[in-house]
Amino acid sequence: MTRYVMVADLRRCVGCQTCTAACKEGNNTPPGVQWRRVLDLESGTYPEVRRVFLPTGCQHCDHPPCLEVCPSTATRQRADGIVTIDEDLCIGCGYCLMACPYEARALTAAPAFAFGATPTAAEAARRPVGIGVASKCDFCVGRIDAGRARGLTPGRDPEATPLCVNSCISGALRFGDLDDPHGPVAALLAEHQWFRLHEDQRTGPGFYYLWDAAPP
Amino acid sequence: MTPRTRQRHWDWRAAGNFTAGGAGSGLIVTSALAAQAGAAFRLPLLTGALLIAGGLSLVWLEIGRPWRALNVFFHPATSWMTREGLLALLVLPLALAGAATGAPGLALAAGLAAAGFLFCQAQILRAARGIPAWRQPELVPAILAAGLAEGSGLYLLAAPAGRVWLLLALAAGLVRAGAWWRYQQALAGAPGAGASRAAFGGLSGRLAWAAQAFSLGLLALALASAPAALGAAGGVLAALAGAGLKTLLITRAGFTRAVVLPAFPVRGGGGHAHLGR
Amino acid sequence: MTVTSTIPSYCYNCVAGPDLMRVRVEDGVAVRIEPDLSAAAIHPGLGRVCVKAFGLIQKTDNPHRVLTPMRRTNPRKGRDQDPGFVPISWDEALDTIAARLTDIRARGLLDEAGLPRLAATFGHGGTPQSYMGTFPAFLAAWGPIDYSFGSGQGVKCVHSEHLYGEFWHRGFTVTADTVHTRYLISCGNNAEVSGGVCAVRRGADARARGMKRIQIEPHLSPTAAAAAEWVPIKPKTDAAFLLALVHALLFEAPRARLDVPFLLARTASPYLVGPDGLYLRDPDTGAPLLWDETAARAVAHDTAAARPALEGSFTVPAAITRGPDGEITSWHDVPARTAFTVMADTLHPCTPDWAGAICDIPPATIRRIAADYLDHACVGETITIDGQSLPFRPVAVTLGKTVNNGWGAYECCWARTMLAVLVGALEVPGGTLGTTVRLNKPHENRLASVTPGEDGFMAAHFNATDRQDWAARPTGRNAHRSLVPIVGNSPWAQALGPTHLAWMFAEDPPAEWPDPPPPELWFAFRTNPAISFWDTARITRAMARMKFIVAFAYTMDETNHMADILLPDATDLESTQLIRIGGTKYVEQHWDHQGFALRAAAVAPRGQARDFTWIATELARRAGLLERYNAALNRGAAGAPLAGDGFDFSLPLDRAHDPDSIWNAVCQAATAGLGVPPRDLAWFREHGHCVVPFPRQDWYLTPTMARLGLRYELPYQERLLRVGQELGRRLHEHGIRWWDRQLGEYMPIPQWHDVPARWEAALSAAGADPADYPLWGITTKLMPYTTGNNAGIPLMAEVGANLRGTGAVIVNAATAARLGIVNGDWVEVRSVIGATVGRAAVVQGCRPDTIVIPGQFDHWKTPVAKDLHHASLNTITPISLDLTDATGSGADVVRVSLRRASAPAGQEAA
């Protein structure tokens, strides 16, 4: 089996927003829509304060609440764990936005562009996404499929790897097949302590956060 | 740890569906009972159907791709929204036919379908895992009781002097007040639900509660043989109070789930030394 | 069918670059930036570019771009004036400029005050040079140019580190050897935000392997977030903290834990200091003396058999000292202390308990940090690099911008360097390293810049302070040769002199010098001092008095609002240039390779924008400078000499060459110079970069120092003491007393003075009551905006907003509560010169007495940026001689008040 997951090493992330920018540009998302986001979190009271940067986005859950509520079957789950949205089926009801515990989905009512009403050349050159329909991170599924068709390994070969991972400057974001015992993801999870978000929701997120080396 | 943000995608139109759909289905349920009891039911049945249709029309105005609205029926296996739509397909013709023919059996069937529709609405919110305030189990009875209280209240416009219907409206109103009180208490106990609870504690929330209380008073007065118009007024006020509560619930109390980190990243380790070593 | 290509390019929009990237082009449209992962094996940041690079697509497509040359029609200049720009042809624009240039040449390159008639200002950290094509050849062909109108140099850079770092260890910028460091003390060094891709990657790798960084700064920056520990410190007291660390190593640890052999051999620690504070010297040779413990007598420092005493007091039978202006004093039976002992005696009072009260840090924390530092220093250990055994000292100290300029910065730089010196961690693996040189040559090889100088030290190139050669009249409008000896007079020196003095003197010239006429023609490129400097209203007024401004304009902005001619140069993705990459560069670019990278034009220039190389060539041709320009190109002004050992790609001097021909020659010559087969422009367009190995041992200077038998000029600063005295005499001889405060900084061993009190005194001097401005206002950088010139790019605004405090005023939660401010409220921050308004970002991670305004904003002209309504510390920071240190730098610190404010017009309230 194949189960694609994202791994974020929180020790590495510095909140630079490069992944967010690379995702926005690569996927041509409208202003305000960020499939890959990095949260800037603080906890504690001065002077005992911690600040943490948390890359987030669609968690490609084992049991996606979005898929359960979607009335149109636009949201689907592939055998490799990737949760997709069929833009041609989605009615834009926004129910999946309410169902996602990770605030990973967006819905933009009308076309919008970086500089206002008129698209730039780069914006006009590509199809706008998520206008009137739900949108979210799809792990750059097009790159994965095209790469695999060429015999490449997602997470190892850049051409088959999500843009955010390729762009990440600190090496925090990693991607790969959880079920590949020799892949980078399996090794990372074995060698580190990790958590997933909102485990209480029993969604089975495909997004792992490393926070320390595994105890010896 | 993250600030909770108020959901911005479901606005007054979505709230309108929960308000009109809830009241409409409650009205149809009440009409179904009335039909069995030989009381007036054709106009209320029709009104209930129109309310449900109106609510759905508001949603139709809200969705991003209204011309694909029929896709809503594609996922009955798990989606309560699909199920709500399918039940609407059932309840509307049944209610219209019941109203047109005056057949109590059709009215009963419409009432059963309407109850299902109302149940779907409650479950729609219950399945919204991104919004903890809607996820609260105590919301399901609150939504059901609200629909019944609003519908039975509106029914009083058709039968303002009927004591049994006054009694039903009063009882449903009391149950609703209890259910919503229980729901808001549950919110108070839920970690991080402060913002949602505060939405009910504001001026609008207090007004809605005051309207509830006032409507209950009017209904009680009407029951104690005061003029019939008081009953109708109490019923309408009960419906308005419900509209207020649901509008608050959807548009003001819908806060997202905060991220809570189970662990902090360990950024560089090592113990401490002493200069003298 | 879509035609897709990926064009090689680089991003050098900030000094932490350059980084390599590819531009994805579909049907002639640049659609996205990609990292150049083909460079992952050679680039320390694994071929990545940071968030800023992803804004270059929108930069290219920006509908607000200036796309034709423009001429000003309104002769009046000022913020309130409409310039009345009208489009003109390139011919008209270039001929107009050329006519002015020709006229200037006819009348002389210097004006009646002896100042260059032509001035030029380029923005951030020398990075515009990587986008101005062959314009450096035009500048070289011209002759003297005044570069002293800074865009922020001296107040926005790590100024004291530039000057002292390069003086002490050829470290124009200084960094940790992050790939080996295990313990790092960072005083406000914001490496995770402004250190670039290489610093971020190296830092992340280091954390993952357990490197511990202690971040000492007033607010919890992303770098503090990613550190093992954040230690809040009162602004501008870092010198006390660092001096206390030095004290702790000197007095609270056994001497044997320090690197005594290093101190004796590689530093001036054993040099003997006489009662007048000068080195005792051999009466015959003038060589500084040290105490030979074997012979129990003073001997010349270079006596091979001597066993020098590190510390102690001695009596020397006969010696001389050499004072200012060559004055010799003869001494007999003179008491002497070693430089090390003088240092220890001077710093004896600087205990952690003393510093704790000044810095608001628990003394136990200071002691713990000193202990951890020493414990991690691995004194005595070695590591093998490139087959050579080198000392291994995995501890380092880095400094941030506001620590590193203005008053107190000299003390910080010295203490930081001494922390390295005491454990032998200067310029060795794991330790504190310089990265590049800019005041010495050659720029591309800092090891080769080391030559033997006086007294056993490497050569230093100070501006003369002797009576004969001191520049009694300024040669540039900031008077760098007259006021700042340590900055020297290299091509970079002017822009590193006190650049705010040029702006100050434009309004308020010193009475003792001829009034400086404004330059007759000012070139401005990738610079916006009206936003990036301080007291921006004053800068704007000074700019409006410039006679003729030629601005290379991307969009309209606050600076080119004053221009007479706007020239639209082709931007990053539209033009071609080859630059040097690799080796060791700026912030943290430590490569195992070196070579060249091409920025190939990915798309055609929009409108009438033209490649900068074409513009430079046309200006040279029309101004009659073509031969000199071509000669400058042949000498290497485009990045590499066009002829060398076994190759000659020189350009004929007598004609104008098109950009592709020029870069084709440069590409081939540059690669031939690397010792590989020449690669032409077409090769680079396909492959992007060409590198050869760079030995890792060349990251470290100490082996070179050892090979040449040289000592670092530390701890004692005899040279600075003498130079300061000479400078004082020269200035006083000319009646100049307004630099006396600065003369006080020439201390042979830096001592703490109440640095923060200078800001309070400045308030009183301005007639204000310090109690009215109870908070410290400081700034910090934001990665999406680090360089400042992308404030008009919407993508940066969107992703920047994910970081707390972007465009806002960061304030501690308790302080905010006391002032009735909640998160998101509009607030006004007021200083003695004005106010700035932004939203409050209420946080726990900030000292209660400090507010932070990140970035540089308050735009009123730049499209998109002017609608952001972001606050800016620059608007309210005065330019003040009182707050200028001896190197001519000032710090981003200002005393402020804070209160709730109403929302700006058109903006939502909280």
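Analyst: Helices, in the sense used here, are DSSP runs of H or I with at least four residues, and strands are DSSP runs of E with at least two, both numbered from the N terminus. Please keep in mind that this is a predicted model.

User: How many helices and how many strands does chain B have?
Analyst: Read along the sequence, chain B follows the pattern α-α-α-α-α-α-α-α-α-α. Counted as elements, this gives chain B ten helices and zero strands.

User: On the side of chain B that touches chain A, how many residues are nonpolar?
Analyst: The contact between the two chains takes 38 residues from chain A and 35 residues from chain B. Sorted by class, the side belonging to chain B has five charged residues and twelve polar ones, while the number of nonpolar residues is 18.

User: Which elements of domain 2 of chain C give two or more residues to the side that touches domain 3 of chain C?
Analyst: The domain assignment of chain C places domain 2 at 174-434 and domain 3 at 755-900, and the C-alpha centres of these two domains lie 33 Å apart. In the contact, 21 residues of domain 2 of chain C meet 24 residues of domain 3 of chain C. By class, the side of domain 2 has nine nonpolar, nine polar and three charged residues. The elements that give two or more residues to this side are α5 (191-194) and α13 (409-422) of chain C.

User: In the barrel of chain C, which residue of β32 stands opposite C:Val811?
Analyst: Six strands of chain C form a closed barrel with mixed pairing, in the order β28-β32-β29-β31-β30-β33, and neighbouring strands of this sheet are turned by 45 degrees against each other on average, direction ignored. Within that order, β29 (residues 809-812) and β32 (residues 850-852) of chain C pair in the antiparallel sense over two bridges. The residue in β32 that stands opposite C:Val811 is C:Ile851.

Key. Residues are numbered from 1 along each chain as its sequence is written. Chains are lettered from A and ligands numbered from 1 in the order in which they are written. This is a predicted model: local features need pLDDT of at least 70, side-chain atom pairs count only at pLDDT 80 or more; totals for chains, interfaces and linings use all residues. Two strands pair if DSSP finds at least two bridges between them. Axes are lines fitted to C-alpha atoms, for helices over the stretch in contact, and angles run from 0 to 180 degrees between N-to-C directions. Domain bounds come from an automatic or database domain assignment. Two residues are in contact if their C-beta atoms, placed from the backbone, lie within 7 Å. Ala, Val, Leu, Ile, Met, Phe, Trp, Tyr, Cys and Pro count as nonpolar, Asp, Glu, Lys and Arg as charged, and the others, Gly among them, as polar.
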